[in-house]
Each structure stands twice: as C-alpha cells, then as structure tokens.
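Q: Hi, please walk me through this one. I'd like to start with the charged pairs and then move on to the ligand.

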Amino acid sequence: MPQVSAPTTQATGRVVRSPHAAWLRVEGHWQWYRRHWHSTLFSSIAQPILFLVAMGMGFGSQVEPSEATRNLPYLVYLAPAMLVVGALQNAVGESSYPVLSGFKWQKDYWAVTATPITPGQLLAGQQIWIALVIGFNGCAFVLIATLLGAVQSPGILLSLLAMVLTGMACSAPVVALAATVTNDGNAFNGIFRFVVMPMTLFSGTFFPVSQLPEWAQPVVWLSPLWHGTELSRAAAFGGAEFGPVFGHVAYLVGLFALGIWLARWRFRRRLVV
Amino acid sequence: MTTVGDGVLVQANGLVKRFGEFTAVGGIDVAVRKGEAFGFLGPNGAGKSSTMRMVACVSPRTEGELSVLGMDPDRDGPRIRARLGVVPQLDNLDTELTVRQNLQVYGRYFGLSRATVRAKATELMEFAQLSERADDEVEPLSGGMKRRLTIARSLVNDPELLLLDEPTTGLDPQARHLLWDKLYRLKQQGVTLIITTHFMDEAEQLCDRLVVMDHSRIVAEGAPSALIKQYSTREVLELRFNPGEQQDALDNGVADLVERIEVLPDRLLLYTENGESTLETAHAKGIRPLSSLVRRSTLEDVFLRLTGRSLVD
Ligand SMILES: Nc1ncnc2c1ncn2[C@@H]1O[C@H](COP(=O)(O)OP(=O)(O)O)[C@@H](O)[C@H]1O
Ligand SMILES: [Mg+2]
C-alpha cells in the first residue's frame, strides 16, 4: 500500500454539543421563517382572533355574566381559553405536514443527519422551534386580545406558559405520528377532524364541561386542551388550588414526555436505516 | 487506531447490509486510499448507494468491519460526518430557502461560525457558478443548478473525503463535463473522492481505481485500464445486421473468428486485438453486416464479460 504524505487538507467541520446543535436547527427554521412568515400568519394568529371576535364579541354579547363565566363578560372569560385553542391548532399544524415534509417531500431531514447533527438533535431543534412559534403567536394573540378589551388582568401573561405547555403536549405526539406515516398524510386530516375539532368544542372553551352529560366527563379528562384551558383560566383569573393545578401540569408534562419518547424512537427508526 | 499513517481512509472487510431478509450489500472488501478517486460502478440495485450510506455513517452496517477516517461509524458517527462531504443520489436541498441560505444553514451544522459560512457560501457559489442566483429560492432552479448546489453544499466543511452518489445522473452532457472538471480540481487539492456511477465513461474519466458491483457483490477491482486489459481485448468489432440476419451470421461461423463474442439483441460484439483485420476476415467469409464499427474496449465490455448484461438497460 503506498505511503501518503500528511493530509493536504484538513476538514473544518466539527461536532457541536447537543443543546447548541438543536439551536442550530432552530436557526435553520428561523431562516425559513424570515422568508415565509406571512404564509402562516392567517392560520396561526388571525384564526384564533377571528374566533375570539365572533364568539366573544358576537355571540358573547348575548351572554350575561354569571357563575358559569366566573361573573366575567363572556369575551374576557373566553380569551385565555381561545389562547390555548390557538396553541392546539398551531401545534398540530406545525407538527404534521412540515415534519412529514422533512422526511418525504423536502427530505431535508436526511440532509441534516448527514452532518454531525444526530436525529435526536434534529428532533429537539424541531420541538424548540415549534415551542417558539407557539409562544410567539400566543404573545401576538394576547396583544390583540388586550386591544380588543378581552383582557382585564396581567395574569394572562402566566396563561402564556400554560399555553406553550399545552401546545407542546399536543405537538410531540403528532410529531411522532408525522415521523411514522409514509402516505400523503391522510392521517392528519383524521386528527384535525376527529381529535382537534371535538376537543375544541368540548374542552370547556366555550362553556363549562359541567354542562356535558355525566358519561362524557371522563372523556374530557383525556383532553389536553381541557387541562390547558383550566390552567390558563386559573392563571388569568386567579383562584387556583394546588391540587388541580398540579394534576393538570402533570398530565400535560406526561403527554409531552410520552410524545417525545415516541418521536425519538420514530425519528431514529426512519432516519437510521 | 489511526489509518492516516498508512493512507487508507476507508477500509471495509466483509461489509454486509441487509434490509430485513433482503441483502443489499453482500460482504464486500474495499480499501480507499488517501488522495485517490475511487469508484463504485454497477447497475441500478447493485448496492452502491447502500454502501455509500454506510460509509457516510447514516446507515449502520449489518455485519463486517468498517473504518472511516480511522474511526468506527457505529461509535464515532458525528465525528466522522464532521469531516465528510456527502452528495446523495437524490438532491435534498431546502427548496424554500435561497441558494445562499442553503449553504449557510448547512455550514452551521458543522460548527462553523457565521462569518465563516458567509465567506464560504460566497466562495462556493462562485465555484458552482451560482453567484447570480445567490438570493433566489432554490425551488425554480434547473436540475443541473440544484445538483451543482448540492455538490457545493457538500464542500462547505472542506471535507477530507467526498462521497458522490451518482453525481451526474440527470445532467446534460455539457453539465457533466463541467462537473467532472470541478471534481478533478478537488482531487488536485488532495480531496479523496468516492464516486458511484452507472456511466462507464464517467468511471473511466474520474476514477483511479474502481470496483465493479453487481447483485450486492464486487465482481472485479482495479484501475480502469487494468480492468479492460484483464477482462477484455484491445478492440471491439461491432456488427449490426438487418433484422433476422444476425442468426445467419452466427450460423456462418462468425463466432469462430474471435476468442469471445457477445450476442446482443441488436448487434454482435466481437472481441479482438485488431478490429479491422477481423472485419476483413468476416467479409472474406461472406458475412455482410448492415454496418460495422471498430472501437476500443471500455468498462462496459468488462461488465458485459463479467455479468453477461449491459450496464444500463
Ligand atoms: N431502505 C431500504 N429498504 C429496503 N430495501 C432497500 C433499501 N434501500 C435499498 N434497498 C434495496 O437494496 C438494493 C440495493 O439498492 P441501492 O444500494 O440503492 O443500489 P444502487 O445504488 O446500486 O442502485 C435495491 O434492491 C434496493 O431496492
Ligand atoms: Mg443508488
């Protein structure tokens, strides 16, 4: 075998540590967002605001403040809940087709994992990005809702935390699903129709779940949106007790953890073959 | 273990890749030396891409030994990938970003600073002749431009080892020659190249050494010229006949003129040291082809000899 002189070239690439690697992915998403933010504006910010206006101001003008609305104007009662509905919709939107595209259409996930970035770091970057988008859209919602007179106390800033947590709890399992489907994503339509829609209607957003028939109550407990809505209203209006708050947070964190665990498994399965 | 000393960048022994029951790579032995251009030549499905993906540390091997840059892909994947350049068979650019963004974002994954990737992107766009499209989105670019961008992107970390999986498939002849020229320049700079292709002319042009793969195995190995010398004759006489008359020529004993003959559906290939004189003898025997052509042997003939099939169907 011929002897070869010392390398004439030395690669400049190096391995980046995990948190930084995930952050580099966030930078990559940001580069995309810089060019394309306007294309997501309607679904991410305008839609929840339209709901708030239509239900809160339109329908709400017919609703007298009562015990069911915590003696608040319906618009004010609705705002923290609509905030969390926005998180759910954003989470599912950002976690479904964009993730499937990374595997299937753009295939850029394969480009990324050919660099020192690992599938786990890729996933972490994706999740952090989704959290940032949800949080940013939430801030925009709070701002507009305040201008519309739907906010009466600064507690809604705390609701933003509940909102992001709910968003992530809903995002991670959908990311795992997106990393699993190989067809054109018909499964997502099912998620939107049979999960997001009913969840939005029956999680105490528009009316207290106590109005639902008895048998439906345990089903509501499964809804991350209900837990998020309870947290968000508790933050905005006060009067929270430790026990229920702990339960809601635990449920959402648990769902998030399960989703991440599944997503990690699916990412590896799909990218390392 | 470091292999830089003995100059071997990639060493595979009994390398196997299975997908379930299916064997894509059936135990191959390969050693790629520093500074050379090494080729995997073979038809579709031979296992070239599967091999490349194992070397690129994105696909774990099923069996066998593999060392890349002196490290084990199973253990040191990210560290190896930091020093590799990879051009996958199918472009996987971010088509919603600009040309420049693609290069910069990708460069950052290799731990390069913002200033470095900025300068590098400008340099690489120059290299790939894409400077004028720098701030255009990738989506509407032509196939050739996308391919050039993918290749430029693979160079963002100044790789020591560049893996090119069918770099010119889908390019027009002019673009192919342009690319060969670029690859040649990289080689001059000391970059080690591994290229897969099913174009024999590409393999002959670019590769110092190559292996011929078929059905998941290596069937021959050597320098292009050596392979031709070993498995083929100096010249090939190609004879074409009117439909139906090819069999007459065979009945007439055309095969006896040479040591070896290949019968293709549309022509006969006669392997000979001297094509012209073989043609004369054929004429003397009363064989009247529609047309005849004398040419040098190529890797295509080597492949035909080894497998009984053409490389590209
Ligand atoms: N992920 C995979 N799962 C199952 N089979 C695969 C996979 N990748 C490749 N193969 C099969 O392995 C064989 C070799 O493929 P490949 O390495 O792409 O060949 P080449 O690049 O030489 O055309 C093919 O038959 C292909 O269908
Ligand atoms: Mg291939």
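A: Happy to. A salt bridge here is a side-chain nitrogen of Lys or Arg within 4 Å of a carboxyl oxygen of Asp or Glu. By that rule, the side chains of Arg267(B) and Asp266(B) meet in a salt bridge, at 3.3 Å from N to O.

Q: What kind of model is it, and how are things labelled?
A: It is a predicted model, where local features need pLDDT of at least 70 and side-chain atom pairs count only at pLDDT 80 or more, while totals for chains, interfaces and linings use all residues. Residues are numbered from 1 along each chain as its sequence is written, chains are lettered from A and ligands numbered from 1 in the order in which they are written, and side-chain values use heavy atoms, without hydrogens or water.

Q: Back to Asp266(B): how accessible is that one?
A: Asp266(B) is partly exposed, at 38% relative accessibility. The scale runs from buried (under 20% relative accessible area) through partly exposed to exposed (over 50%), using a 1.4 Å probe and protein chains only.

Q: Which residues are linked with Asp266(B) in a network?
A: Asp266(B) belongs to a network of salt bridges with Glu238(B), Arg240(B), Arg267(B), Arg295(B) and Asp301(B). One of the links is Arg295(B) to Asp301(B), with the closest N and O atoms 2.8 Å apart.

Q: What does Glu27(A) meet in a salt bridge?
A: The side chain of Glu27(A) meets that of Arg114(B), at 2.7 Å from N to O. Glu27(A) sits in helix α1 (residues 18-58) of chain A and Arg114(B) in helix α4 (residues 114-127) of chain B, so this pair joins two chains. Helices (H or I, at least four residues) and strands (E, at least two) are DSSP runs, numbered from the N terminus.

Q: How covered are those two partners?
A: Glu27(A) is buried, with a relative accessible area of 16%, whereas Arg114(B) is partly exposed at 47%.

Q: New topic: which residues are around ligand 1?
A: The shell (residues with a heavy atom within 4 Å) consists of Phe19(B), Phe22(B), Ala24(B), Pro43(B), Asn44(B), Gly45(B), Ala46(B), Gly47(B), Lys48(B), Ser49(B) and Ser50(B).

Q: What lies 2.6 Å from an oxygen atom of ligand 1?
A: That would be an N or O atom in the side chain of Ser50(B). On the backbone side, an N or O atom of Lys48(B) lies 2.8 Å from an oxygen atom of ligand 1, and one of Ala46(B) lies 3.2 Å from an oxygen atom of the ligand. The protein covers 63% of the 560 Å² of accessible area (Shrake-Rupley, 1.4 Å probe) that ligand 1 has on its own.

Q: Which element gives the most to that shell?
A: α1(B) does, with three residues. Both β2 (22-33) and α1 (48-55) of chain B supply at least two residues of the shell.

Q: How many residues of α1(B) are buried?
A: Six of its eight residues are buried, so to speak mostly covered. They are Lys48(B), Ser50(B), Thr51(B), Met52(B), Met54(B) and Val55(B). Lys48(B) and Ser50(B) are also in the shell around ligand 1.

Q: What comes just after α1(B)?
A: Cys57(B), which takes a positive phi of about 60°.

Notes. A polar contact is a pair of N or O atoms within 3.5 Å; within protein, one must be able to donate a hydrogen and the other to accept it, and residues adjacent in sequence count only if both atoms are side-chain atoms.
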